[in-house]
Amino acid sequence: MKQPISQIPRIWWLQYLKFIRHRIPAVENGEYSGWSGLSFVYVVAFSIPFCLLAIVPRIIYSLGRSDLYNALFGALFLLFLFSFLLNKRPGINSKKVFSIGMIYLFSINLLLQNGTQGPGILYVVLASVFSSILFHKSYAYYTLLVNVLILFVLGMDLRLNWFSSYVSSEYEPVTWFFYSANLLFVNLVSIVLIRRVISRLERIINNENELLGQLADESLEIAELNNRLKESEDYYRYLFASNPIPMYVFDVKTFHFMQVNEATIQMYGYTRDELLTMTMLDIRPPEYRESIEAQVREAGKTKAPYLTQTVHRKKDNTEFSVEIRSNPIEINGRKGRLVLATDITERQHYIKSIEAHNKRLQDIAWIQSHQVRAPLARIMSLVTLLKDIETQPESQEMLNYLDISANELNEIITKVIRRAE
């Protein structure tokens, strides 16, 4: 798709900025990422076309007047300046220093040829302004000292006529002193104001960067906490879903199922979709529904867990005994209860079999203590009576054996009764 004609200059300008930023990368202390490095990139981007507009006509004009010096000086100035700035090898700070130095060189040349009537004196001040923007505080004041030195040398030229500059024909030493003093005052005020504004901007930027760093750290902490929370949720969701004990969550107001695990589906015989359209009263026999509804509402008042035994009904209407452990829970703002339903049918059958076995043992103990022991007691009494009547040694010996056997049998019956009790 063709671009509108009005967009072509903008596209070219963006491509040009991309080229400049590629040729002036951040290679020293990450300065390019700061606002001063970015400012230097834009200064270079804007200066290149304006330099061409300012100097190229001067070169052409000098050639027309056969002024080879100015023509050669302008051409070499552009060549050295652009070749150094667009070379990727020098660091960004080196390029800044080189640019300021070239501005001073260009301004001195203009001052010597055109005096203060030309743009040379403006470039002297411009070097300080650029230094205030592109460098730290001390560099800007160094350029002010350079400006003092330049004006001092030009002032000495008024007396000693070192260079025979154009300034010597414009000013007397006294007028040059006042001119230089006012120029340096304006230069100093410009530097101070620029540095104050930049210092505040730097503080604001640093504060913003610090806040951004804190926000980034907090974001990382929040992300980590969210990851942990998600892992925890996934873990407990896995425990709920894969727990071998049937578990479900129901709404305490409507009694509808909110969540069910796979074990619940297997035990009751319903599908997940069927259970999620039912209430927990639907899995109970009708005679238990009223009591369990009252129990749930009573437990909701105290928000306390409860343990009870009841009867549930499967999809095929099979009833079975369950042990219910219930705890309050809240899901997405809805109050519910988490229920663990354990089938205790086999446990109850086992308990009943143990009770029946104990009953049989108690019956045996009763028979032994009442039906077996009574004849034995009579035998033992008869043996004692016969021992008192019978006087024959042989009979006494037989009675003794009979008495011993009866006592042993009595001890055995006593032990059996004690174990059965």
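Reader: What percentage of the residues in the protein is buried?
Author: The model is a predicted one. A residue is taken as buried when its relative accessible area is under 20%. Of the 421 residues in the protein, the buried share is 32%.

Reader: How many helices and strands are there, and what share of the contacts with a separation of 6 or more joins residues 24 or more positions apart?
Author: The protein has 12 helices and five strands. Among contacts with a separation of 6 or more, those between residues 24 or more positions apart account for 54%.

Reader: Which helix gives the most residues to the lining of the largest pocket?
Author: The largest pocket holds about 470 Å³ of space, and 26 residues line it. At least two lining residues come from each of α2 (35-64), α3 (68-85), α4 (92-114) and α5 (120-134). The greatest contribution, 11 residues, is that of α2.

Reader: Which residues lie nearest the centre of the largest pocket, and how does its lining divide by residue class?
Author: The lining consists of 23 nonpolar residues, two polar and one charged. Nearest the centre of the pocket are Ser 47, Cys 51, Ile 103, Tyr 123 and Phe 130.

Reader: α3 supplies part of that lining. Where do the buried residues of α3 fall around its axis?
Author: The buried residues of α3 are Asn 70, Ala 71, Phe 73, Gly 74, Phe 77, Leu 78, Leu 81, Phe 82 and Leu 85. Viewed down the helix axis, they fall within an arc of 165°, so they line one face of the helix.

Reader: Which exposed residues does the face of α3 turned away from its buried side carry?
Author: Exposed here requires a relative accessible area over 50%. On the face turned away from the buried side of α3, the exposed residues are Leu 68, Leu 72 and Leu 79.

Reader: What is the distance from the first C-alpha of α3 to its last?
Author: α3 has 18 residues, for which 26 Å is expected at 1.5 Å a residue. The reach in the model is close to that, at 25 Å.

Reader: Which element gives the most to the lining of the second largest pocket?
Author: The volume of the second largest pocket is about 340 Å³. Its lining includes Glu 233, Arg 237, Phe 240, Gln 259 and Glu 330, and the residue classes are eight nonpolar, one polar and three charged. α7 (173-242), β2 (257-260) and β4 (319-331) each supply at least two lining residues. With five residues, the one that gives the most is α7.

Reader: Which charged residue lines the largest cavity?
Author: One cavity of 30 Å³ or more is counted, and the largest has a volume of about 30 Å³. β1 (247-251) and α10 each supply at least two residues of its lining, which divides into eight nonpolar, no polar and one charged. The lining residues are Tyr 248, Phe 250, Met 280, Ile 292, Val 296, Tyr 306, Ile 324, Val 339 and, as the charged one, Arg 284.

Reader: Is Thr 279 buried or exposed, and what is its relative accessible area?
Author: Thr 279 is placed in the loop between α9 (272-276) and α10 (286-302). Apart from neighbours within four places in sequence, Thr 279 is in contact with Thr 254, Phe 255, His 256 and Phe 257. The cut-off for buried is under 20%. Thr 279 is buried, because its relative accessible area is 14%.

Reader: What is the C-alpha to C-alpha distance between Gln 348 and Ser 321?
Author: Gln 348 is in helix α11 (residues 345-389) and is partly exposed, with a relative accessible area of 24%. Not counting residues up to four places away in sequence, Gln 348 touches Gln 309 and Ser 321. Gln 348 and Ser 321 are 27 residues apart in sequence, and their C-alpha distance is 8.2 Å.

Note on methods. Residues numbered from 1 in each chain as written. Predicted model: local features only at pLDDT ≥ 70, side-chain atom pairs only at ≥ 80, totals over all residues. Heavy atoms only, no water. 1 Å grid on protein atoms, 1.4 Å probe; cavity = no way out; pocket = protein on both sides within 12 Å on 5 of 7 lines; lining within 4 Å. Points joined across faces, edges and corners; volume = space filled by probe spheres on them. Helix = DSSP H or I, 4+ residues; strand = E, 2+ residues; numbered from the N terminus. Expected span 1.5 Å × (residues − 1). Buried < 20%, exposed > 50% of the residue type's maximum accessible area, 1.4 Å probe, protein only. Arc of directions from axis to C-beta. Contact = heavy atoms within 4.5 Å.
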